[in-house]
Amino acid sequence: MAPPVTVYEVGPRDGLQNEARTVPPGDKLALVRALAEAGLRRIEATSFVSPRWIPQLADAAELTAALPRAEGVSYVVLVPNAKGLERLAEALASAGPGHAPVDAAVFLSASESHSRRNINKGIAEALDELAALVPAALARGLRVRGYVSTVWGCPYEGRVDPAQAVEIAHRLLVLGCHQVSLGDTIGVGTPSQTRDIVRRALAGARPEELALHMHDTRGTALANVLVGLEEGLTTFDSSIGGLGGCPYAPGASGNLATEDLVYMLHGMGLETGIDWERLVAAGALAQRLVGRRLPGKALQAELARAGAGA
Ligand code: HMG
Ligand code: MG
């Protein structure tokens, strides 16, 4: 039986896309393996976006073809457009029939200015593109997840209309996405706002069709997750050690750290299927690979405790 809460790991994609140091593919695969060994079952591995826009993920094809098969683990990769889908299909074909299970994820923003900076298109144009892309991916036998970014606020426009953001999420479900992740791309959300957004979203979606993707930029990510749990959501995105952010959202460092999320969930008696010691080992590896101290609080507390011989 699946654990009651799914921790959806985005570090290898959302984390590494925003790190100054480009991690070589072999090291990325070591991180993916460490995450799978820790018990993470949904791992977002990479992104078939333009390597000119995100050079850190230029090895998407090589990495996807080499993803390790592991019991119960499936991977997700971002595809922004038809070209990305074609590149993904080629990577899977080159890996042969024994490749690990891989889903696709599509994304767009809830605010016009972020959309233009992130994908060079406005929201209407992006929705038109996804109206063709999602069915094309489904036709290739891929499951498709959707992302809506800047739901809680936009780095360029400030306030975002929650009704518009939620309508975009519902459109993605109608197109055939099995789940839509609502993103607080710049980490501005607070609990009352989260309750409002989640309730609006649940008016047109089942709880398992929604996920929260919180950034901890202002320290509110776990409070927002708690509201999501109270409202019945069961999937939460996080990034090992708190790697990454979004390169087109200045100041948006700090995806919610997987260790912080898992520490809270386990402390609440909620099962995730994740092994704490191995998760901390994966966080320590992520920190070594990017060569900087990661912001995850639980990770740092555990490493300090280990360093002190506790
Ligand atoms: P564009 O430049 O507008 O694309 O980029 P274009 O269609 O005009 O094509 C220009 C050139 O790029 C062409 O090559 C295309 O072939 C090529 P040329 O003919 O000049 O040699 N191209 C591609 N090459 C490889 N792969 C592709 C691809 N597409 C076009 N897929 C595009 C449009 C969307 C590709 C670009 O804007 C892009 O890659 N943006 C990156 C956006 C991104 O990755 N952002 C981060 C992910 S979203 C996120 O992190 C938020 C999230 O975590 C949730 C949250 O936190 O809230 C999901
Ligand atoms: Mg993100």
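This is a predicted model: local features need pLDDT of at least 70, side-chain atom pairs count only at pLDDT 80 or more; totals for chains, interfaces and linings use all residues.

Student: Why is Gly283 called buried?

Tutor: Buried means under 20% relative accessible area. Gly283 has 0% relative accessibility, so it counts as buried. You'll find Gly283 in helix H11, residues 276-290.

Student: What does Gly283 touch, leaving out residues up to four places away in sequence?

Tutor: Its partners are Ile240, Glu259, Leu294 and Leu299. Glu259 also turns up in the contact of H10 with H12, and so does Leu299.

Student: Then what makes H10 roughly perpendicular to H12?

Tutor: Helix H10 (residues 258-267) and helix H12 (residues 297-307) pack at about 85°. Angles of 65 to 115 degrees count as roughly perpendicular, so H10 gets that label relative to H12. Their axes are 6 Å apart. On the H10 side the contact is made by Glu259, Asp260 and Tyr263, and on the H12 side by Lys297, Ala298 and Leu299. Those residues divide into 3 nonpolar, no polar and 3 charged.

Student: How do you know which residues are protein donors of the magnesium ion (ligand 2)?

Tutor: A donor atom has to be within 2.8 Å of this metal. Asp14 (OD), His213 (NE2) and His215 (NE2) lie 2.0 to 2.6 Å from the magnesium ion, and they are its protein donors.

Student: And why say that Asp14 and His215 tie parts together?

Tutor: Asp14 lies in helix H1, while His215 is in the loop between strand S7 and helix H9, so the pair links parts 201 residues apart in sequence. Both Asp14 and His215 are buried.

Note on methods: Residues are numbered from 1 along each chain as its sequence is written. Chains are lettered from A and ligands numbered from 1 in the order in which they are written. Side-chain values use heavy atoms; hydrogens and water are left out. Axes are lines fitted to C-alpha atoms, for helices over the stretch in contact, and angles run from 0 to 180 degrees between N-to-C directions. Helices (H or I, at least four residues) and strands (E, at least two) are DSSP runs, numbered from the N terminus. Angles under 35 degrees count as roughly parallel, over 145 as roughly antiparallel, 65 to 115 as roughly perpendicular and the rest as oblique. Contact means heavy atoms within 4.5 Å. Ala, Val, Leu, Ile, Met, Phe, Trp, Tyr, Cys and Pro count as nonpolar, Asp, Glu, Lys and Arg as charged, and the others, Gly among them, as polar. Donors are N, O and S atoms within 2.8 Å of the metal (3.2 Å for Na, K and Ca); water is not among the atoms, so sites may look incomplete. Buried means under 20% relative accessible area, exposed over 50%, partly exposed in between (1.4 Å probe, protein chains only).
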